[in-house]
Amino acid sequence: MTVFELEQIIAQYGTTIYSFCLHLTGVREWADELYQDTFLMAMEHIEQLHNDEAANPKSYLLSVAVRLWKNKRRKVAWRKRIAPEQSMDAPGSEAITGEAYVTDSIETEVLRTEERQYVRRAVDALPEKYRIVVLLYYMEELSVAQIASLLRVPVGTVKSRLHQARKLLRQQLTEVWLDDN
């Protein structure tokens, strides 16, 4: 694969990969770093993009981003055990921008924005193994089989994590919406 081909892949999937990194990390600075590391890793292992296993460049790049993020979280956890430093928990001050909605009134727009924020917070509060599966399934619209391949886990594990994540989200969002009324 040539650098030109890689530039085409970046042009085609760059926005999607960055958006995924932003949702995964929750902090713009970490997302920037993860995004850059993902494409650096892709450059280092450019031959992987030609393998049958990685016939889908988007899926390959998503799997690289997930692996890099998990490795970073693991390293930070290990360092915290040895010598406590800064936390990897995303501060709530960084806002993740969402897609614009066409609305009839200000009230409707405010309600939709509030609902999206509740859902984002609920997804962000999920344990990482559930959050990753939810983001890949709903945000990236990957199939269960693709997610299983990407995460290198059995299909049943992905289904189980999705089910558990939906259950947790339902509980969290029901509590939030019942408290608001």
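Student: Is the crossing of α5 and α6 right-handed or left-handed?
Tutor: This is a predicted model, in which local features need pLDDT of at least 70 and side-chain atom pairs count only at pLDDT 80 or more, while totals for chains, interfaces and linings use all residues. Residues are numbered from 1 along each chain as its sequence is written, and side-chain values use heavy atoms, with hydrogens and water left out. A crossing is left-handed if the near helix is turned anticlockwise from the far one by less than a right angle, and right-handed if clockwise. The crossing of α5 and α6 is right-handed.

Student: Why is α5 called oblique to α6?
Tutor: Axes are lines fitted to C-alpha atoms, for helices over the stretch in contact, and angles run from 0 to 180 degrees between N-to-C directions. Angles under 35 degrees count as roughly parallel, over 145 as roughly antiparallel, 65 to 115 as roughly perpendicular and the rest as oblique. The axes of α5 and α6 are 10 Å apart, and the packing angle is about 135°. That angle makes the pair oblique.

Student: What classes of residue make the contact of α5 with α6?
Tutor: Contact means heavy atoms within 4.5 Å. From α5 come Ile132, Val133, Leu136 and Tyr137, and from α6 come Val144, Ile147, Leu150 and Leu151. Ala, Val, Leu, Ile, Met, Phe, Trp, Tyr, Cys and Pro count as nonpolar, Asp, Glu, Lys and Arg as charged, and the others, Gly among them, as polar. On that basis this contact has no polar residues, no charged residues and 8 nonpolar ones.

Student: How does α1 lie relative to α5?
Tutor: The two axes cross at roughly 150° and come within 10 Å. That crossing makes α1, relative to α5, roughly antiparallel.

Student: How many residues of each class are in the contact of α1 with α5?
Tutor: The crossing of these two helices is right-handed. On the α1 side the contact uses Ser19, Phe20, His23 and Leu24, and on the α5 side Arg131, Ile132, Leu135, Leu136 and Met139. Divided by class, the count is 6 nonpolar, 2 polar and 1 charged.

Student: How do the residues of the contact of α1 with α2 divide by class?
Tutor: These helices pack at about 140° with axes 9 Å apart, and their crossing is right-handed. Among the α1 residues in the contact are Leu6, Ile10 and Gly14, which meet a set in α2 including Trp30, Ala31 and Asp32. The class counts are 13 nonpolar, 3 polar and 2 charged.

Student: How many helices and strands does the protein chain have?
Tutor: Helices (H or I, at least four residues) and strands (E, at least two) are DSSP runs, numbered from the N terminus. Read from that end, the elements run α-α-α-α-α-α-α. The chain therefore has 0 strands and 7 helices.

Student: Which residues have the most contacts inside the largest nonpolar core?
Tutor: A nonpolar core is a set of buried Ala, Val, Leu, Ile, Met, Phe, Trp, Tyr and Cys residues joined through side-chain atoms within 4.5 Å. Here buried means under 20% relative accessible area, against over 50% for exposed and partly exposed in between (1.4 Å probe, protein chains only). The largest core has 43 residues, and those with the most contacts in it are Phe20, Leu61, Leu136 and Leu151. The helices that each supply at least two of its residues include α1 (3–25), α5 (128–139) and α7 (155–180).

Student: What does Phe20 touch?
Tutor: Residues up to four places away in sequence are not counted. The list for Phe20 is Leu62, Ala65, Val66, Leu135, Leu136, Met139 and Glu140.

Student: Is Val64 buried or exposed?
Tutor: Val64 lies in helix α3 and touches Thr38 and Met41, leaving aside residues up to four places away in sequence. The C-alpha atoms of Val64 and Met41 are separated by 7.5 Å, though the two are 23 residues apart along the chain. With a relative accessible area of 2%, Val64 is buried.
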